[in-house]
Amino acid sequence: MATAADVLARKDSLAQFEYSPAAKRAIARKPALFINNEWVTSTHGATIPVEDPSTGREIGRLVDASSADVDRAVTAARTAFDDGRWSNLPPNRRERIMNKLADLLEAHADEFAELEAIDNGKPIGMARMIDVPASVDHLRYMAGWASKLSGDLIEPQALPRGTVFSYVAREPVGVAAQIVPWNFPLIMATLKISPALATGCTLVLKPAEQTSLTALRLADLVVEAGFPPGVINVITGNGHTAGAALVKHPGVDKIAFTGSTEVGKIINRSATDTLKRVTLELGGKSPVVVMPDVDIAEAAPGAAGAIFFNSGQVCIAGSRLFAHRSIFDKVIEGVAATTAFWKPRPSLDPEGHMGPLVSKEQHDRVMGYIAAGKKAGASVAVGGDAPASSGYYVNPTILVNVKPDMSVVREEIFGPVVVAQRFDDLDEVAKAANDTCYGLGAGIWTKDLSTMHRLAAKIKAGTVWGNCHGIIDPALPFGGYKHSGFGREQARQGLEAYTELKTVIIKL
């Protein structure tokens, strides 16, 4: 790991730090798929590169799973579900095994944090503080539900009491195909697998092709934790090949997808052919509303964190900033003042707070949006450029003088770019906040509790934060309105998404 002298010597350098021996071993693994608790080779030789976005260099290879590979994984999950080796286990046994996986993940926390940083580009400090602990929490929270999920005994309303015995049972839906994004690879993987496992489902997990390292490393721990073969299977590959084959497979009962709205629509259409159950957590263009009564010294850094955290690659990123006209200039100055804190650094820099974007494709996309915004008349208050580097860095950017019809205002950029707008009253800002096809999250900054509740009621979003942004907890449901998807993850609602209801009526 880096010494203090290393950090000081490289303060202005974007050169990546040395990988640990454990990370090197994980990256150097032979491309393989995890099926039936075994590492197996693909039916063909196709692979995809693993890149370090801090350098732009290829550091390894992954299997690009074939349709035959996908079929093998789904068949393993199908067999494991149908013979009851997992769903018929006593719930407390499932709970203990899930908790064992959480324990193992926690024991290897430093390694997982480093792999996540290398693969995704996020700062290693953020991965240690947020990604790995949150992943452990998801496993432990849902493990507790394994022994607590139950049905209901209900008296029919149209029959005499005592003539029938009727109840509603919850049963696992079956085989789940779980496709996760590249912005929070480990968190998204554990968030998906945890409720499926707690209810008794078996699964096939497909991590994003850009960021598969932590999912593969997690698979190493599955056998040690005590999961029976076929319960958890991990395949890697491109979304349009391996992902598409997984969605279409007739052996899959449920699809859980987190990613772009465009891909979510494709998945939903495909799933309709076989009436698979679907949960979609899609894009966002979240508003952050700053009222005139705030403490700007607190609100401005909060608004900055809402967009610059994880390089803006967050579905709930506060990418539309609405500040009251009376304080607009001061809020922009306050957000701009934080950009030194968010200055891009290599992912393994222990003092970094923002790393590179995940890929060249994403880098070019974000820079394209900035160029389009400037061409359309937006002004750059700060940033708007990229550091000179072979890595995929973009400086934190604030665009002002924007108009509602600009692409930078209407479309999800998924980078460290915020568009700032003025408003005068509550009804005006509520209308502007809702002027989007998305409805995933929103933030409100005010000291007035009445204003907070009134505005929260007006904004169409699955989660509204007050005087904070982006707080996610396993016990609270998460999902969106409109084009941000449907269904909820986390909490009891996320668990129940992996169940079917069965009504049983017995004449006495």
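**View 1. Seven strands form an open sheet in the order E14-E15-E16-E13-E12-E18-E19, with mixed pairing.** Strands are DSSP runs of E with at least two residues, numbered from the N terminus, and two of them pair if DSSP finds at least two bridges between them. Strand E14 (379–382) and strand E19 (463–466) stand at the edges with a single partner strand each, so one side of each has no neighbour in the sheet. From one strand to the next, the twist averages 25 degrees. This is a predicted model, in which local features need pLDDT of at least 70 and side-chain atom pairs count only at pLDDT 80 or more, while totals for chains, interfaces and linings use all residues. Residues are numbered from 1 along each chain as its sequence is written, and side-chain values use heavy atoms, leaving out hydrogens and water.

**View 2. Here strand E12 (residues 287–290) meets strand E18 (residues 441–445).** The two pair in the parallel sense over three bridges. Look for Val-290, which stands opposite Trp-445 in E18.

**View 3. Let us stay with Val-290 and its contacts.** Contact means heavy atoms within 4.5 Å. Not counting residues up to four places away in sequence, Val-290 touches several residues, among them Ala-299, Leu-321, Phe-423 and Trp-445.

**View 4. Val-290 also belongs to the largest nonpolar core, which has 96 residues.** Such a core is a set of buried (under 20% relative accessible area, 1.4 Å probe, protein chains only) Ala, Val, Leu, Ile, Met, Phe, Trp, Tyr and Cys residues joined through side-chain atoms within 4.5 Å. Leu-197, Phe-227, Val-290, Leu-321 and Val-335 touch the most other members.

Conventions. Buried means under 20% relative accessible area, exposed over 50%, partly exposed in between (1.4 Å probe, protein chains only). Helices (H or I, at least four residues) and strands (E, at least two) are DSSP runs, numbered from the N terminus. Axes are lines fitted to C-alpha atoms, for helices over the stretch in contact, and angles run from 0 to 180 degrees between N-to-C directions.
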